[in-house]
Number of protein chains: 2
Amino acid sequence: MNILLLEPNELHGDGTALVADARRDHMVRVLRIVEGQELRAGMLDGMLGTATVLAIGSDGIRVRCTFDQQPSPVHDHLVLAVPRPKVLLRMLEHAAALGFAHVHLLRSWRVEHGHLHSRALDPAAWRTHLLAGLAQAGRTRLPTVRFFERFRSFTEDAMPHLDLPNARFVAHPRAAVPVASLALAADAPFVLALGPDGGWIDLEVATLAEHGFVPVSCGTHPLRTETALAVLAGQLDLLRRQAARRTLPGGA
Amino acid sequence: MNILLLEPNELHGDGTALVADARRDHMVRVLRIVEGQELRAGMLDGMLGTATVLAIGSDGIRVRCTFDQQPSPVHDHLVLAVPRPKVLLRMLEHAAALGFAHVHLLRSWRVEHGHLHSRALDPAAWRTHLLAGLAQAGRTRLPTVRFFERFRSFTEDAMPHLDLPNARFVAHPRAAVPVASLALAADAPFVLALGPDGGWIDLEVATLAEHGFVPVSCGTHPLRTETALAVLAGQLDLLRRQAARRTLPGGA
């Protein structure tokens, strides 16, 4: 937890809040906070700032907050074939930490049916993991997460209305296009589509390609979806950062 | 599991092997193999090739193997402050899949003492997870894993004898050097040092810097060690692949 993340309805009119639940335990046991200490704080879907610890009580920790910094904007989309339940919850945390604004969960051909009837597909289960990812990374924007029962209900029905970024990539280990051959503009948001373990079927890759998704590969070895998410999101973000440096005065 | 990974002592003189244990279950239940089918196969610490399914029996699956392809060489080192036990085992799997040849587990200042007395620090626990990572990624070289009881027993006693690659990086969220500003040669092996949740202390970063480790940051947001491993390994590997393309005829 690198910021104390507060929900808008936790803040009182005088700028104070009472922090209970797991955040309190973390602040006491891991961060070992003391009265008067300042912490980085964030308002969910809002600004970043500072929380000053006023009092540590048995009912919670009273803090006074000031929010004065804009968080980094997030615009990237993740399209994800539903993985097994424990992995899904971890990946939502990774996705939030990596700065995805939207997660579209799909049932693709090779998604195991059992994964669709797990409590991990209950939106109530998602929130804790998304908040943990945000608090870890010092972000505040809660990603939206939606589940599409059919691959085509995403590609045909939803996609035309989603205003997806133009930079669209589908991970495909046998893809002809290595990420190393790509370039992205400094501020270009992207969509990354990750298949299930076992991958997309060819028809799914072809359908995504029709919608502008470029099949990409991060290397010569297939990775688990969970690893591929971090590798590819990191590599695409690196392409943007390299472009940003090239446009700096004196940048190389 | 993208290759059937066999141990040298499983192969008989006639090129056949009897595959039992979890690999058998995976081949039957997930891959749904049939007799006569060919699978990608690998010999642990050896070559890649093909396994042909001869017979599916209750005692195991009999396969005939030919090994005729050199695997990708692996030379990268991971220096890792001991994370919590479940995360450690997952990270060993990631490290094997990402192609690390050597993992050096360290007790750093912020490593929780409880993590040092877990069965996850028992070398017997490591092997299953390393093999799973190799089988996933289609690799054969089993990474070495060693645990150092003290940070200085690694930096002072062991490091001079380890022949570490010259490209050395220590992940440090507040680092002045973004990965986007770096370049790596096409075939340059690297060492990546990842701290515990909460990070390295300044003295540790300074000690690693004395030994040639460049403090790097993959972005503006701190990530969990597990996510940072995949992000940074992916980004450093991308720098190598970009260099390889620049040296190709017609490469950009």
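Analyst: Two residues are taken to be in contact if their C-beta atoms, placed from the backbone, lie within 7 Å. The model is a predicted one, in which local features need pLDDT of at least 70 and side-chain atom pairs count only at pLDDT 80 or more, while totals for chains, interfaces and linings use all residues. Residues are numbered from 1 along each chain as its sequence is written, and chains are lettered from A and ligands numbered from 1 in the order in which they are written.

Chain A is divided into domain 1 (4-69) and domain 2 (76-246), with bounds that come from an automatic or database domain assignment. Between the C-alpha centres of domain 1 of chain A and domain 2 of chain A there are 32 Å. Contact between them involves eight residues of domain 1 of chain A and seven residues of domain 2 of chain A. On the domain 1 side, strand S3 (residues 38-43) of chain A gives the most, with three residues; helices (H or I, at least four residues) and strands (E, at least two) are DSSP runs, numbered from the N terminus. That side of domain 1 of chain A divides into four nonpolar, two polar and two charged residues. In this classification Ala, Val, Leu, Ile, Met, Phe, Trp, Tyr, Cys and Pro count as nonpolar, Asp, Glu, Lys and Arg as charged, and the others, Gly among them, as polar.

S3(A) also belongs to an open sheet of five strands, with the order S1-S3-S4-S5-S2 (chain A) and mixed pairing. Strands pair here if DSSP finds at least two bridges between them. At the edges are strand S1 (4-6) and strand S2 (16-19) of chain A, each of which pairs on one side only. On average, neighbouring strands of this sheet are turned by 40° against each other, direction ignored. For such angles, axes are lines fitted to C-alpha atoms, for helices over the stretch in contact, and angles run from 0 to 180 degrees between N-to-C directions.

Within the sheet, strand S4 (residues 48-57) and strand S5 (residues 60-69) of chain A are paired in the antiparallel sense over nine bridges. Opposite Phe67(A) in S5(A) stands Gly49(A). Helix H1 (residues 21-29) of chain A lies across S1, S2, S4 and S5 of chain A, and runs at about 95° to S5(A).
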